[in-house]
Amino acid sequence: MLRYIYGRDLWCEPKLQKTMHLDRADQFQRRLGWAVSVDNRGWECDEYDRDDTLYVIWVMPDGTHGGSMRFIPSSGQTMVNDHFGRLLGGRVVSDPLIWECTRYCLRDGVPSRVAAALMLAGGELMRAYDLTHLLGVFDARMIRIYRMIGASPDVLGSSGTGRDQISVGLWQYRPLDRVNVLRRAGFSSQTSEHWFYRSMGRPVILPKAA
């Protein structure tokens with residue numbers, strides 16, 4: 001099941017919060033060898049884990065974290081602008097209708113449909129908030145995963161080669177991509193929309209005023 005949770009509300013879900021940060025430490029520090037910050041609890045956290053950060057989390061049957069991403073409007077402080085501006089030639093992406101997505105994390109051993117479900121959630125956010133794009137930074141291994149899921153970004157800039165390549169890209173909402181991702185995830189459109197409604201208290205698409 002997908003949950004959409006703001007950072008300010010994560011404390012209400014202590015098991016989910018704890019296992020998400022532990023899994024992030026396992027993926028980014030142990031498995032990938034990134035220079036991330038891990039605190040004395042074993043949690044991977046940084047300055048973008050804020051109260052206004054929106055997390056999309058795949059919840060396992062036992063209430064633990066199975067996978068997650070986090071979203072922040074690019075009109076505020078973002079990882080791309082703060083740390084990866086060189087990949088954009090010094091340009092700054094700042095637009096309330098472009099949200100940054102980072103910390104794409106999958107618990108070791110989860111089924112592939114979890115990866116697709118997280119990408120599906122990104123598309124639902126674009127539909128719900130009339131976003132023009134999602135912005136993200138990713139390494140070379142993710143290009144294959146995005147292609148497999150059926151939602152590849154447009155690459156804006158890259159650095160490095162082979163497995164060490166880092167890129168910045170934009171995702172634009174395309175209805176056909178959503179169909180492909182739904183098929184890959186194995187969920188119906190109604191199920192995805194129900195998960196959004198259950199978390200956010202409103203439908204993905206608001207009814208138009210008469």
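Asp130 lies in the loop between H3 and strand E5 (133-139); helices (H or I, at least four residues) and strands (E, at least two) are DSSP runs, numbered from the N terminus. The model is predicted, so local features need pLDDT of at least 70 and side-chain atom pairs pLDDT 80 or more, whereas totals for chains, interfaces and linings use all residues. Residues are numbered from 1 along each chain as its sequence is written, and side-chain values use heavy atoms, without hydrogens and water.

Phi of Asp130 is near 55°, a positive value in a residue other than glycine. Most residues other than glycine have a negative phi. At 59% relative accessibility, Asp130 is exposed (over 50%; buried is under 20%, with a 1.4 Å probe and protein chains only). Arg103, in strand E4 (residues 98-106), also has a positive phi, near 55°, but is buried, at 12% relative accessible area.

The axes of helix H3 (residues 112-128) and helix H6 (residues 189-200) come within 11 Å and cross at roughly 70° (lines fitted to C-alpha atoms over the stretch in contact, with angles from 0 to 180 degrees between N-to-C directions). H3 is therefore roughly perpendicular to H6 (65 to 115 degrees). Leu120, Glu124, Leu125, Arg127 and Ala128 of H3 meet Ser192, Glu193 and Phe196 of H6, contact being heavy atoms within 4.5 Å.

Thr19 belongs to helix H1 (residues 14-31) and is buried, at 17% relative accessibility. Residues up to four places away in sequence aside, Thr19 touches Thr64 and His65. The Thr19 side chain reaches the backbone oxygen of Leu16 at 3.3 Å, a polar contact being a pair of N or O atoms within 3.5 Å, one able to donate a hydrogen and the other to accept it within protein, with residues adjacent in sequence counting only if both atoms are side-chain atoms.

Notes
Angles under 35 degrees count as roughly parallel, over 145 as roughly antiparallel, 65 to 115 as roughly perpendicular and the rest as oblique.
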